[in-house]
Structures are given as C-alpha cells and as structure tokens.
Amino acid sequence: MTAEERQRAIVGAARRSGSVEVTQLARTLGVAKETVRRDLKVLEAHGLLRRTHGGAYPVESGGFETTLAARATRHIPEKRRIAAAAAEQLGDAETIFVDEGFTPQLIVESLPRDRPLTVVTASLAVATALAPVKDYTVLLLGGRVRGSTLATVDHWTAKMLAGFVIDLGFIGANGISREHGLTTPDPAVAEVKRQAVLASRRRVFAGIHTKFGAASFCRFADVPDLDVIVTSTSLGTAEAHRYSLLGPHLIRV
C-alpha cells in the first residue's frame, strides 16, 4: 500500500466512523504508529482531517458532512453536559428555536416540561420528541427533508423563519472560529441557520471543543452575533477567553 492509498483509507475510515485512533489504524494498516501520525499530519495539512490526542476526526466541507448517526456516537457525556447547561439559558423565554443536530436533540431533553413553550424547529427528531409534551406548541418548518440529518431546508423553511420573532435560539454549527465565524457545509442549511440567527432575540451556541477553530464551507453568522457559547472544559481557558472577548458570555462545563 502506497502512502496515498494508505491516506485515502484513513480518510475513508474517519468519515465512516466519525473519528480514527492511531493505535487502531496502525494495527489495521500494518504500519508503525509513527507512520500513521505522519499520514495524519499530511491529511490535516490538506484540510481533510483534524488531529486530536491519539487520533483524528474528519473535517466537514462542501463535499462531505458526517451523518447524525455518527454524531450520536462521539463525546456523548461531554455533549450531555453541554446540552444541560445550554437548556439552563432558557430564562423566561416563551418562544424558542431549536436547530438540527444531535446536541440540540439533547438540549430538548433538558427543557422544563412544567410550563408553556412554543418551539420552532426544522428538525423532525426534535419535533417528534416534543410534540407529546402537553404544554408545548411545536411548529415544524416545512421544506425539503435532508436524509442525513432529518431536517428541513430550502426557501420554504427560510421564508417561514423570516416571519417569526423568537425569544431564544439554540444554534448549532459544524465549525466555529474567531476568523470565520459559524459555518456549515451545505448552503441550504446555512440559509436556514442564518434566518434563525436573525429571527432570535438571544442566541445560544452549544458545541463540543472539537468544533472550535474549525471552518466549514458556508458561513452563516459571526461570533459576536452570539449571546452565549456553551462548551466543555476541554476547550482551553486561554482560547475560551479569546472567544469571550468578541462579545458572547462563554460557559465551560
């Protein structure tokens, strides 16, 4: 196996499973760990992977996006802590927007069930989870359903959102960076997220540490557009401070 073939195999494995580990790759490919580390360094330089301690995960772009199923297998304890802390930002909001994605699905699990709440969402999973709640009014935005995320997109979705004034928006992104703002791979998804940001009086971003410093294909908001950022303590104190200097209140859990 040539270096190019090996690196192609590594990217394929990362995209299938959502992440790869150096030890497992070395065993599977029959090479030394140092060889795998060099391959990961090359792939990171080409913008295909981002390295972590002991492994790497795929960078999402216009041509690639991890599935909802893959996201539901990684960093689960961390995502649950973040989601619970994000739900605590509800305050006295009466209307909320809940974005598509796995972490937003966890956020709705932590929302109080003992008060009226109107929930606007493009996510079929979120709508299904909240529709049975007695005091909730759930508005599912219409549009084309993306099979990878089970969420609606396109102009129908964005047009509906543009007609709302929402107290609080729980916003997700595939990447967030101080230079490029909040990004996502698909232009249609980006437009829905952009409208959600515009429609919401307060905006809360909830995401794991691996999203920070990452940039995908389509930019839909800037960091100063956010009121609160919720992430984990895996994001370093110094880097967290740099984001907070741009305006948002940053919470690490």
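How much space lies in the second largest cavity? The points below answer this and describe the surrounding elements.

1. Basis. This is a predicted model, in which local features need pLDDT of at least 70 and side-chain atom pairs count only at pLDDT 80 or more, while totals for chains, interfaces and linings use all residues. Residues are numbered from 1 along each chain as its sequence is written, and side-chain values use heavy atoms, with hydrogens and water left out.

2. Second largest cavity. About 30 Å³ of space lies in the second largest cavity, and the structure holds 2 cavities of 30 Å³ or more. A cavity is a set of points, on a 1 Å grid over the protein atoms alone, where a 1.4 Å probe fits but cannot get out; lining residues have an atom within 4 Å of a point. Grid points are joined across faces, edges and corners, and a volume is the space filled by probe spheres set on the points. Among the lining residues are D99, E100, T152 and K193. Helix α9 contributes the most, with 3 residues. The lining has 4 nonpolar, 1 polar and 3 charged residues (Ala, Val, Leu, Ile, Met, Phe, Trp, Tyr, Cys and Pro count as nonpolar, Asp, Glu, Lys and Arg as charged, and the others, Gly among them, as polar).

3. Helix α9 (residues 187-199) lies across β11 and β13 and runs at about 10 degrees to β13. Helices (H or I, at least four residues) and strands (E, at least two) are DSSP runs, numbered from the N terminus. The open sheet has 3 strands in the order β10-β11-β13, with antiparallel pairing; two strands pair if DSSP finds at least two bridges between them. Its edge strands are β10 (175-177) and β13 (218-221). Strand β11 (residues 181-184) joins β13 over 3 bridges, and L182 has A221 of β13 as its bridge partner.

4. Helix packing. α1 and α3 (residues 33-45) pack at an angle of about 75 degrees, with axes 10 Å apart. Axes are lines fitted to C-alpha atoms, for helices over the stretch in contact, and angles run from 0 to 180 degrees between N-to-C directions. The two helices α1 and α3 are therefore roughly perpendicular to each other (angles of 65 to 115 degrees). Contact, meaning heavy atoms within 4.5 Å, involves residues including R6 and I10 of α1 and D39 and L43 of α3.

Definitions and conventions
Angles under 35 degrees count as roughly parallel, over 145 as roughly antiparallel, 65 to 115 as roughly perpendicular and the rest as oblique. On a 1 Å grid over the protein atoms alone, a cavity is a set of points where a 1.4 Å probe fits but cannot get out, and a pocket is an open set with protein on both sides within 12 Å along at least five of seven lines; lining residues have an atom within 4 Å of a point.
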